[in-house]
Amino acid sequence: MFGVKRQGIKVGLFDFLGKSAKQRERERAEELAWSEDLEVYSGMQVEVNSDDGRMFLAAGLTDLRGDRAQLKPRMDGSLLTKGDGPIPVTIRGFSSRENRAVVMKGRVRLSPGGSWQVERLALVKKRDNRASVRIDVDLDGFLSFEGLQEPCHVVNMSTGGVCVSTPVRHNVGEKLILWLTLPVESGTLTLPFQILRINERRHGYFEYGCKFLEMDGEQEDRLIRSIFELHGYR
């Protein structure tokens, strides 16, 4: 009986160790696959948003290893100061490799050396729609096309696109230029865009969902700065 008991203990012990090894192997395989999935996004341009939906950093996601990465800011200004503890954030970007938007969660801190660190980075979802958070605004501007100008109203905007309404009927795919004066330091912006869809028509106005077209570096930096300032102005 003693021998059986010892045998039972021995079998149970080997069974336990065997399961642990298999579990460790499976977890390691999942970790490697997960890390490889994330590492394809190293170098992606991203927006970093706090829990209340405010964008406080536009940056390049670099040195992505496992669930850690660094952020290389594209502009000055943030909600954090050196020594602040990690805060939960949502990180959004567009993967040109996969041709879709990517949303990740993580925790960001500003190190004593002044570099931005991301920890506990995890992929939330991939999607085909916009990669930027749009902020509601109530601004008047002008649209320029074919040498003509027409007044318009800007409903919301982001670093990736804008929603405008106007009494003039336009077509999906049409390219126009938005002239907009903002109530922040950035002042006047000139933004080329393309109509992606007609959202709705009401009170004699058409509402268009649009994406910004390629801009030069100065235009893009001013747009990012404007969105950043609008988040603080709101």
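Arg109 forms a salt bridge with Glu119, and their closest N and O atoms lie 2.5 Å apart. A salt bridge here is a side-chain nitrogen of Lys or Arg within 4 Å of a carboxyl oxygen of Asp or Glu. The model is predicted: local features need pLDDT of at least 70, side-chain atom pairs count only at pLDDT 80 or more, and totals for chains, interfaces and linings use all residues. Residues are numbered from 1 along each chain as its sequence is written, and side-chain values use heavy atoms, with hydrogens and water left out.

- Helices (H or I, at least four residues) and strands (E, at least two) are DSSP runs, numbered from the N terminus.
- By the rule given above, the count of salt bridges comes to two.
- Glu119 also forms a salt bridge with Arg68, where the closest N and O atoms are 3.8 Å apart. This pair links distant parts of the chain, since Glu119 is in strand β6 (residues 116–127) and Arg68 is in strand β3 (residues 68–73), 51 residues apart.
- Is Glu119 buried or exposed? Its relative accessibility is 14%, so Glu119 counts as buried; buried means under 20% relative accessible area, exposed over 50%, and partly exposed in between (1.4 Å probe, protein chains only).
- Arg109 counts as partly exposed because its relative accessibility is 26%, and Arg68 counts as partly exposed at 47%.
- Apart from residues up to four places away in sequence, Glu119 touches Asp67, Arg68, Pro86, Gly106, Arg107 and Arg109. Contact means heavy atoms within 4.5 Å.
- Side chains of opposite charge can pair when their charged atoms come close.

**The barrel and its strands**

- Six strands close into a barrel with antiparallel pairing, in the order β7-β8-β9-β12-β11-β10. Two strands pair if DSSP finds at least two bridges between them.
- Neighbouring strands of this sheet are turned by 45° against each other on average, direction ignored. For such angles, axes are lines fitted to C-alpha atoms, for helices over the stretch in contact, and angles run from 0 to 180 degrees between N-to-C directions.
- Strand β7 (residues 135–145) and strand β8 (residues 148–157) run antiparallel and are joined by nine bridges. Leu143 stands opposite Glu150 in β8.
- The hairpin of β7 and β8 has two residues between the strands, and Glu146 takes a positive phi near 50° there.
- Four bridges pair β8 with strand β9 (residues 161–166) in the antiparallel sense.
- Strand β10 (residues 175–181) runs antiparallel to strand β11 (residues 188–202), with seven bridges between them. Leu178 stands opposite Leu191 in β11.

**The nonpolar core**

- The largest nonpolar core has 52 residues, of which Val48, Leu71, Met104, Met157 and Leu178 touch the most other members. Strand β2 (residues 55–65) supplies the largest share of this core, seven residues.
- A nonpolar core is a set of buried Ala, Val, Leu, Ile, Met, Phe, Trp, Tyr and Cys residues joined through side-chain atoms within 4.5 Å.
- Beyond its neighbours within four places in sequence, Leu178 is in contact with residues including Phe142, Leu143, Cys152, Val154 and Val162.

**Cysteines**

- How many disulfides are there by the rule applied here? The count comes to zero; a disulfide is a pair of cysteine sulfur atoms within 2.5 Å.
- Cys163 is in no disulfide, and its nearest cysteine sulfur, that of Cys210, is 7.1 Å away.
- Cys163 counts as buried at 3% relative accessibility, and Cys210 is buried with a relative accessible area of 1%.

**The whole chain**

- The protein chain contains two helices and twelve strands. From the N terminus on, its elements run α-β-β-β-β-β-β-β-β-β-β-β-β-α.
- Of the 234 residues in the protein chain, 40% are buried.
- Among contacts with a separation of 6 or more in the protein chain, 52% are between residues 24 or more positions apart.
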